[in-house]
Each structure stands twice: as C-alpha cells, then as structure tokens.
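Here is a set of questions and answers to work through beside the structure. Take them in order.

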There are 2 protein chains.
Amino acid sequence: MPKRPYGLICPITHACEVLEPRWTIPILTEMWGGATRFNDIRRGVGNMSTALLSRRLKELVEQGLVERIQDPATGQVDYIRTQRAIDLEPVLDAMGKWAQCNIKAKQALKDMNVSNLMWQMRNYIDSEQLPSRQLVFQFRFTDPDLEFSKYWALIRPGSPIEICAAIPDFEIDLFIETNCMSLSSILLSRTTIARELEAGRLFLGGDAMLSRTMDRWFYQRTLEDRSEILQLSDSFFEETEPTVRTAR
Amino acid sequence: MPKRPYGLICPITHACEVLEPRWTIPILTEMWGGATRFNDIRRGVGNMSTALLSRRLKELVEQGLVERIQDPATGQVDYIRTQRAIDLEPVLDAMGKWAQCNIKAKQALKDMNVSNLMWQMRNYIDSEQLPSRQLVFQFRFTDPDLEFSKYWALIRPGSPIEICAAIPDFEIDLFIETNCMSLSSILLSRTTIARELEAGRLFLGGDAMLSRTMDRWFYQRTLEDRSEILQLSDSFFEETEPTVRTAR
DNA sequence: CAGTATCCGATGCGATACTG
DNA sequence: CAGTATCGCATCGGATACTG
C-alpha cells in the first residue's frame, strides 16, 4: 500500500493506513459481491484504469488481503479475498449503514451519470424474476443535456443483460421514463417504485404485468435490510422537480 | 470534503467519499476521545499542520459532522461532533477491532518514532492510580540511532503530565528501559508488561511499588476489551531481539 | 482476458511564516 | 490559542498505448 503512516498508537488509524488509498474499499466491496476477475472488478467499480487496478491488486496481495490464483491449464486468473479481507465485512457493513442513514441522496448521487448508472443497472435487474423469454426495456431519462437520453436493456434468459445506447431491432416490452436521481434512489432503497410513480418522477408503459411486478425484478440485491432504511428515507430523499411527462 | 466521487450506487462507496481524505478519521477518533480544542486535536493526531486541520474542520462542519462553537465571552472555540459523527462510532469501532486482529504489530508500529511515542504516552499514564505526590519517570530507549534516547515524564497531582527530553532537577522514582516497539505494543495491548519483562525487552528499576503496580497505571484507556485481543496477540507480536540490559 | 509501460496533470499535503 | 496565507514538491491518479 502507499500507506503514508500516521505514526500513532491507535488501531483505528492503522486500519486507515491500509484502507485509505483510493479504490481500495470499492474493490473489496466488489469482491465481497462475488467478483473475482480483473475486468469484472474493473467495470464493477466504474471502469477504473487498468494500471491503477493492477497496482491496487498487487498491494492487496502484498497486504495479505487478496490471493491471486491462476489456473495452470487455462491461464485464467482469479482474485479471491483472504480471511483477513473477509473479516472486514463488519467494517464495510457499518460504513454502508452509516451512509444510508447519514448522507442525503442528493449529495450521494449528485455525481451519477446516466451511462454509468445504466451499466450498474445490469446488476439490479433480476432475470430470474422475469418471464423466460427475450425482453427489451427502454429507459428514457428526462434530465437535461444528456448525450444519450435513451438506453435499452436486452434481457435474454441465460445470458448476461446487455445495455445499449442504440435502439435494438426488437419490439419494446417495457417503457421506463424517469430521471437519473430518481432511478438511483430506487436502487439505493432511498425511495420506492410506488412513491416515485405517485410523485410523477417515474412513468411505466407497455406490458402491464412487467410494470406491476417491477418491485420484484428490480432491486438492490446487496442491501440486507431495506425496511430499516425505508423508515428513514423520507427525510433523506430531498424532493426534486417531478419529471415532466412528455411524448416519446 | 474533497470528495472525489466514485459515482457508484453503493452506500459503502458513499461513506468512503466522505471519510477517505487524509486525517479525517484520525480527527474524528480524537474527538471521540474527548478532544474539542483546535490544538488538542492537532497534537492528538500527531502535530498535523494547522493549515490542513483548519481545512478539514471546515469540511467536517460543512458535512454536518462537526459543530464549531465559540464562546462569545471568552472567544474560546470548541469543536464538537454532531449526531452524524457520533453515529460513526460503530464504523470506527469495527475498524479498530479489525486492525488489532489483522495487522501485525511489526507493520502497524514500524513508523513510530520515539518522541511521538513519548507525546502519546501522556494519555497512557493514569495519575489517579499513582500516589498523589510528584513523580519522575525516566524512559530510556535501547533502539539504535536515536536523537534522544532518554525522556522524562513529570507527574504532578492535578496538572497534566509533562514530557521532557532534558533531565529534570528531581530525584527519579522509576527507571524504565525498553525499546520503541515493545513499549508501543504494550500500549496497544498487543503484549503485556509481564511478558515484555520476561522476554527481557522491558526493565524496571527504582521504586518497587511503582514497578509492581505498573499494569494498573499504565494502559490503553480507550480499548474496550483487552482480553479478546490478548488471546490473539501471541501470533501478532513478532518477536524482536530482546533488549540488551546495559548500565544507566 | 489480464495485464505492463509511460507520461502528464492536478492537487493533496506538508512546511513555514504570519496574524489577531 | 486559533487560526490564515502562501508556496512548492511529491505523488497519486487518470488516460492512453501497447503486449502476450
């Protein structure tokens, strides 16, 4: 690790020295979520540079937090957490809970951009809760000044979800209109689909069954306990202007 | 905060954005320990630059983690944590526990320097457990290449402990000979006074009563639960060369 | 896919000096 | 005591190009 030492007799500070360098915790979080491959981790934390990820992983291996395992046959490389990193889960968990209760959505999400959001979306659509046929969802964002305001998600049973910025040659099953903040807030469980619909920040069109069951196939998988958060969310989701409903 | 955003839909990452900038967590830890004054915090975290502490405190106030309170009469300024910062205690606690169990003393303490260590010592001597008269302790460090190898602690009932690098004009009540790593490890509860004595890394001379009761007046106050740590400490305190006993 | 090599720019940070 | 102001260096980090 870079580990610029503080030089204190304080365990908390010693932990900081290990965990402070940028990307360290997001990487460990992503691996907690199951990622083991270089590029999976990389995209998972939002396309960080290969050079930097490479360095960080080396440092984590050096610290004994991560093990690099190469399959001699295929050459495939996997990174797995050691017990030392697994023992960090209570720390990460506490951090997540704190953030959910103490950082306003407006601040936490103000730097989300739509294409990044759409990439992350792949992890929030649960194909298993959807009919097992090909589906196309169209997302339209009402935020101003977007490079692309429409994105499409292709869901095929058995394959990873594809996100594209060009309209696919298939019939669209579900139309989703919203804004970046509202959609992010749903994924963070800072609000609910129902509330966003009612507030006019979310509009659903097309297949009625898909619309009505959205809260079953669209959710933040890693969040342990939504209910606790939802009780607090009213005060932490600051109202934004309702999305103006416009023609497609 | 500097808060270079990661732009992810991930609460843990949101917490990182707030907590990552250097010194943020040590400052909050120091305030958890009771420090409220600018220079107390500054010295507590090891003499960071005034400019930087000033900036960090401003950022923390901005984030709603700290409140700045100035007494209109005296002009005295106090910094106190808001509830939002108090809610971080579980995070800090988990970090401390993790570090105690997962970072070897050798790594955690390799950047301690003696004068820094001696400054921190002030917090680890509990005057209330000592006879209420003036006491002078002499610390002699056996580490090689020290600018000063001897320090003195002056303990007077009712006043803060003084640390000096020049011999005071008083009789010395207790002689302590050790090395930097060993003493730090005792303070971190990575080892015990008894074990260091036995291993020859710690020598006590002078007042026999003070020697025998050392574990009562010399300890890490903030550590909640020593016993848990002590069970693990054998594997985490890597042996160093025993201190060679030399004439004073 | 899993990286390495290189390069450049921003800025975080520390040191010092100074103020009310 | 509680800061502000300035300055310059280091290094961290991001982008890009290239490799087996």
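Q: Which helices each supply at least two residues of the surface near DNA strand C?
A: This is a predicted model. In it, 16 residues surround DNA strand C, and A:Arg37, A:Ala51, A:Ser54, B:Arg22 and B:Ala51 are the closest. Both chains are named in that list. The helices that each supply at least two residues are H3 (38-44) and H4 (50-62) of chain A, together with H4 (50-62) of chain B.

Q: Which elements give two or more residues to the surface near DNA strand D?
A: DNA strand D is surrounded by 16 residues, the closest being A:Arg22, A:Ala51, B:Arg37, B:Ala51 and B:Ser54. The elements are H4 of chain A, with helix H3 (38-44) and H4 of chain B.

Q: What class make-up does the surface near DNA strand D have?
A: B:Ser54 is one of the closest residues here. The surface near DNA strand D has eight nonpolar, six polar and two charged residues.

Q: What kind of axis relates the two copies?
A: Chain A superposes on chain B with an RMSD of 0.1 Å. The rotation is 180 degrees, and the shift along its axis is 0.0 Å. The two copies are thus related as by a two-fold rotation axis.

Q: What percentage of the contact residues of chain A recur in chain B?
A: The contact joins 44 residues of chain A to 44 residues of chain B. The same surface serves both copies. The share that recurs is 100%.

Q: Which element gives the most to the side of chain A that touches chain B?
A: Five helices of chain A give two or more residues to that side: H1 (11-19), H2 (24-32), H6 (89-102), H8 (114-121) and H9 (180-187). By class, that side has 27 nonpolar, 12 polar and five charged residues. With 11 residues, the element that gives the most is H6(A).

Q: Are H1(A) and H2(B) roughly parallel or roughly antiparallel to each other?
A: Their axes come within 9 Å and cross at roughly 170 degrees. Angles over 145 degrees count as roughly antiparallel. H1(A) and H2(B) are therefore roughly antiparallel.

Q: How many charged residues does the contact of H1(A) with H2(B) have?
A: H1(A) brings A:Ile12, A:Thr13 and A:Cys16, while H2(B) brings B:Ile25, B:Pro26 and B:Thr29. Four of the contact residues are nonpolar and two are polar. The charged count is no residues.

Q: Which strands of the chain B sheet stand at the edges?
A: Five strands form this open sheet, in the order S5-S4-S3-S6-S7, with mixed pairing. An edge strand here has a single partner strand, so one side is left without a neighbour in the sheet. The edge strands are S5 (162-164) and S7 (202-206) of chain B.

Q: What is the bridge partner of B:Thr178 in S7(B)?
A: S6 (residues 174-178) of chain B pairs with S7(B) in the antiparallel sense, over five bridges. B:Thr178 has its partner in S7(B), and that partner is B:Leu202.

Q: At about what angle does H8(A) run to S5(A)?
A: In chain A, an open sheet of five strands has the order S5-S4-S3-S6-S7. Its edge strands are S5 (162-164) and S7 (202-206), each pairing on one side only. H8(A) lies across S3 (135-141), S4 (150-155) and S5 of chain A. Relative to S5(A), H8(A) runs at about 160 degrees.

Q: Which residue takes a positive phi in the hairpin of S1(A) and S2(A)?
A: S1 (residues 66-70) and S2 (residues 77-81) of chain A pair in the antiparallel sense over five bridges. A:Val66 stands opposite A:Arg81. The hairpin has six residues between the strands. With a phi near 85 degrees, the residue is A:Gly75.

Notes: Residues are numbered from 1 along each chain as its sequence is written. Chains are lettered from A and ligands numbered from 1 in the order in which they are written. This is a predicted model: local features need pLDDT of at least 70, side-chain atom pairs count only at pLDDT 80 or more; totals for chains, interfaces and linings use all residues. Copies are superposed by least squares on the C-alpha atoms of residues with pLDDT of at least 70 in both. Two residues are in contact if their C-beta atoms, placed from the backbone, lie within 7 Å. Helices (H or I, at least four residues) and strands (E, at least two) are DSSP runs, numbered from the N terminus. Ala, Val, Leu, Ile, Met, Phe, Trp, Tyr, Cys and Pro count as nonpolar, Asp, Glu, Lys and Arg as charged, and the others, Gly among them, as polar. A residue is near a molecule or strand if its C-beta atom, placed from the backbone, lies within 6 Å of it. Axes are lines fitted to C-alpha atoms, for helices over the stretch in contact, and angles run from 0 to 180 degrees between N-to-C directions. Angles under 35 degrees count as roughly parallel, over 145 as roughly antiparallel, 65 to 115 as roughly perpendicular and the rest as oblique. Two strands pair if DSSP finds at least two bridges between them.
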